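Reader: Could you please take me closely through one part of this structure, the sheet and what is packed around it? I would be grateful for a connected account.

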Amino acid sequence: MKKQDLKSLTRNELISWFAKEGYPKFRGKQVFNWIYKNGAQDFDEMTNLPSNMQEDLKEKSFISNNLILKDVFSASDGTTKYLWSLSDCETIEGVYLPFVKDGRHSICISSQVGCAMKCSFCATGNDGYVRDLTPGEIVEQVTNIQRSISKEEFGEPRISNVVFMGMGEPLDNMDSVLKAINIINDEKGMDIGMRRITVSTSGIVPKIRELANIEMQLVLAISLNSPNNFLRDSLMPINKKYPIEELIKAVKYYIEKTNRRVTFEYVLIDELNDSKELAFELAGLLKGLLCHVNLIPLNPVDQFNFKSPSKKVVNEFRDILESKGIETTIRQERGKNIEAACGQLRHLKK
């Protein structure tokens, strides 16, 4: 008999599973609470369950603990990168980013082992795609990091923000990602606000439209990196399938359906996409959109020859966008020296 992974079930699915197995529904609520409010990793910790039920649950189900911590890397600013091995010995990485002054405890998690998008500046894509992560494997990254940063009590300090900007293209594994989001957002569980969850995509147009129709109140981030098809084709192969014109139409549809602001991520690469001319072109492309631009000076990857532009160039690019009415920020550099920054996460092959 195949055992049920309880971490791959939403609260309602968990309650339904308990009912199907002949247990009172309230037991499903209790188990959900134990996993996500108390950080329980096995049934023996669930002290309000009868011992015979604990033993029965062990026969029929498990609380997935497939992520084996292989290494931890810490930076002086508190940024922490986790390297996990999965049950099939593949590996993924996730990052904890504390912003203590702001009271934020953010994490960056993965949705796939590797990535099929092959963006020319990203270490993950350079390693290729292996497989999708299950909802349980995605959720487990969140609970494992929460357990790692908690002090006397699970959930203190509490993870406040989750960004799907780690390994993989989230919308290429959309069903599992959305299910994981529903689990970590549940008010009876980790209760991470939907508006504090960001999903970043390279621009899979049909999935953006599908996400718009669901009308979830999450943050959608588009990895753009060029205002024109000629340059974006060379940086991001996905653009050949879904060119900028189609992408912008999908973004407009998303904004109309959700009334949510969209973030455009723009990785600035020295003497490639950082010119003043491109800044003006980008401002023209985004004119009138309910959006925000997040400028990301390139984080170096050993196998690529790309470099990050100077602070002067980055600031000038920002100033041009702002002068044209485009709200713009420059991403704060975190974790670059431990290869935990945007574009640096990688799949370590078996």
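Author: Two strands are said to pair if DSSP finds at least two bridges between them. In this predicted model, strands S9 and S10 meet that condition, since three bridges join them. S9 and S10 run parallel. Within this pair, Val 163 stands opposite Thr 198 of S10.

Buried here means a relative accessible area under 20%. Five of the five residues of S10 are buried, so the strand is largely enclosed by the rest of the structure. In a regular strand, side chains alternate between the two faces of the sheet.

S9 and S10 are part of an open sheet of 10 strands with mixed pairing, in the order S3-S4-S5-S6-S9-S10-S11-S12-S13-S14. Strand S3 (68-74) and strand S14 (328-330) stand at the edges, and each has a single partner strand, so one side of each is left without a neighbour in the sheet. On average, neighbouring strands of this sheet are turned by 20 degrees against each other, direction ignored. Elsewhere in the sheet, strand S5 (residues 91-99) and strand S6 (residues 104-108) run antiparallel and are joined by five bridges. There, Leu 97 stands opposite Ser 106 in S6.

Helix H6 packs on the sheet and touches S9 and S10. Its direction makes about 165 degrees with that of S10.

H7 and helix H10 (residues 244-258) pack at an angle of about 5 degrees, with their axes 8 Å apart. Angles under 35 degrees count as roughly parallel, and H7 and H10 are therefore roughly parallel to each other. The residues in this contact include Val 205, Ile 208 and Leu 211 of H7 and Leu 247, Ala 250 and Tyr 253 of H10. By class, the contact has eight nonpolar, two polar and four charged residues.

Finally, some loops beside these elements deserve attention. Pro 157 lies in the loop between H5 and S9, and the peptide bond from Glu 156 to Pro 157 is cis, with omega near 0 degrees. Glu 215, in the loop between H7 and strand S11 (219-223), has a positive phi of about 60 degrees although it is not a glycine. Glu 215 is partly exposed, with a relative accessible area of 40%. Asn 259, in the loop between H10 and strand S12 (262-268), has a positive phi of about 55 degrees, although it is not a glycine. Asn 259 is exposed, with a relative accessible area of 63%.

Notes: Residues numbered from 1 in each chain as written. Predicted model: local features only at pLDDT ≥ 70, side-chain atom pairs only at ≥ 80, totals over all residues. Heavy atoms only, no water. Axes fitted to C-alpha atoms, helices over the stretch in contact; angles between N-to-C directions. Helix = DSSP H or I, 4+ residues; strand = E, 2+ residues; numbered from the N terminus. Parallel < 35°, antiparallel > 145°, perpendicular 65-115°, else oblique. Contact = heavy atoms within 4.5 Å. Nonpolar A, V, L, I, M, F, W, Y, C, P; charged D, E, K, R; others polar. Buried < 20%, exposed > 50% of the residue type's maximum accessible area, 1.4 Å probe, protein only.
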